[in-house]
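Below is a short report on one protein chain. It starts with the chain as a whole and ends with a single residue.

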Amino acid sequence: MASDGRTPVVFCWHMHQPGYRDQKAGTFLFPWVYLHALKDYSDMAAHLEAHPGARAVVNFAPILLEQIEIYLVDIERWRHGAGEIGDPLLAALVAGELPEPGAPGFLDIMEKCLRANPERIIQRFPAFARLSQLAEFYRSRPEMQRYIAPAFLSDLLVWYHLGWMGEIIRRRNACVQSLQEKAQGFSADDRIALLNVIFDTLAGIGPRYRHLAQTGQVELSVSPYSHTMVPLLIELGSAREAMPEIPLPAHSGYPDGGVRAQWQLQQAREVFQRFFGMEPTGCWSSEGGLSQQTLQQLAQAGYRWTASGDSVLHNSLQSAKAAGQGLKNPSIHQAYRFGNADITVFFRDDGLSDLIGFTYADWHASDAIADLTSHMETIASHGTDHGPQVISVIMDGENAWEYYPENAFHFLDELYEVLENHPRLQLTTYQDLLEQGDSSPVSLPTIVAGSWIYGTFSTWIGDPDKNRAWDLLCEAKQHFDRAMDNGSLTAEQKAAATQQLAICEGSDWFWWFGDYNPAQVVSDFEHLYRRHLVNLYELIGRPAPPSVFQKLSQGSGAPARGGAMRPGHDADTGA
């Protein structure tokens, strides 16, 4: 409990995107880094800026920060005639000539400009909705494409970027408002003006969050460099701590995974320090993936706190109870330590977090905030038997908002307005809890390895497609190790290969493999994963094996929120 008697509440927003850039070609295969920066990272900063009494933890994946930087460099070089913009969609926005109907690239751009939430983004704007209808017609009647006016693709590109605009930018920026009012017939100058808005928004991400951190309103934390699943890097078999029967890849383990985990954590600190000019106190281990060895590595890397989902705590409490070291009336709403790992662990309230991620988007904002704070007040009134209480809401800070009206403007505005002066709840950060001595962690003998999703690693391993992907990575790592040791590579080549290996180690590739995910997204990610592996083989001077060129996975599912977010508990198993 805080010094004024209020119960601490921590909102931890996680921002991350995997490595979408083809390092060899220097091009981005997908635009999600700059689009989420434009829509979500900017809005999340603006909401906090509008409520100086609000507090939050904002977590960044280093590979995301680096990609934002690359976009800024690309745009500046294009402005000075010194290079091309490396993202084909962003380059098309300001292209002097767009592909003619029926020409290569036309349908590709058209299809990409339809990848937005139909209800909340496309249908919200009548002009965008009409262009979408035309695109659907041209898609179903290819023989009619010859009659498409040249302005079609130009207008569609402008509206796609207007649709992905942050809501607070939309309400404040005169250029954006002018383009929306114009609605059609956009000129080359219009498109360049829109690019300038995009550039300014991307350029502001780092400084704005840095300022929020310097004023103490925000604690910035970090994830492993490429958002890798650290426990599985260290030991693939850790998946069996929570699921003893889960099938594992043919390889017994990822070669020198412990060393690679250390590299991921150290590289994360270096990138974070370069961007924000400070050292991170906490590390959100990718997807809340923890194991006892991961906790040891996090502590050795200098991190003071980490976090996971409440199913991981539940499994760990059951393990302690079976060993005769259980707790009476344990709670997820307090801090813990495990074994001799010198790091504090907080646990996500999956119920509260999933209400924001999956339920409140369809509620009126005031009703949603009233319901959320009511749940929090009830939790606060119960207290804990083992020390100070802290309520943790930890969730994706980017994918949830497109399902809300107006990018969750009303929800987030009211959330901070209500909680910044709440009589019983106090917004804070994990760093402040540690520095003020308000955490007093409870000790348990060991943590049962798992993630915030179901308390297991089944999202990244166990499925035949996921296991094949791990085997491809393990095989590539063996060849990488030989190349590093045989003296065939220069220092520069070694650095490039190490960077490429890190991208291949990202957790997102494994997340998307499996039949239960949407076919288009599975195709995108499995293709990009294999391209990254091919690039790695080229960098170490070895031809990629035929297995890398064989399709890994093909989705056919329709999960909630398109599969980009998942609830912490498995509704089918009650886990």
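## Burial and basis

Of the chain's 575 residues, 60% count as buried (under 20% relative accessible area; exposed is over 50%, partly exposed in between; 1.4 Å probe, protein chains only). This is a predicted model: local features need pLDDT of at least 70, side-chain atom pairs count only at pLDDT 80 or more, and totals for chains, interfaces and linings use all residues. Residues are numbered from 1 along each chain as its sequence is written, and side-chain values use heavy atoms, leaving out hydrogens and water.

## Fold and dimensions

The chain holds 22 helices and 11 strands (DSSP runs numbered from the N terminus: H or I of at least four residues, E of at least two). Its radius of gyration is 24 Å, close to the 25 Å that the globule rule gives for 575 residues, so the chain is as compact as a globular protein of that length. The radius is taken over C-alpha atoms, and the rule is 2.2 Å times the number of residues to the power 0.38. The C-alpha trace spans about 75 × 60 × 45 Å along its principal axes.

Contacts here mean heavy atoms within 4.5 Å. Among those between residues at least 6 apart in sequence, 79% join residues at least 24 apart.

## Leu202

Leu202 sits in helix H10, residues 188–214. Leu202 is buried, at 2% relative accessible area. Not counting residues up to four places away in sequence, Leu202 touches Tyr34, Ala37, Ile68, Tyr71 and Leu72. His36 is 166 residues from Leu202 in sequence, yet their C-alpha atoms are 9.9 Å apart.
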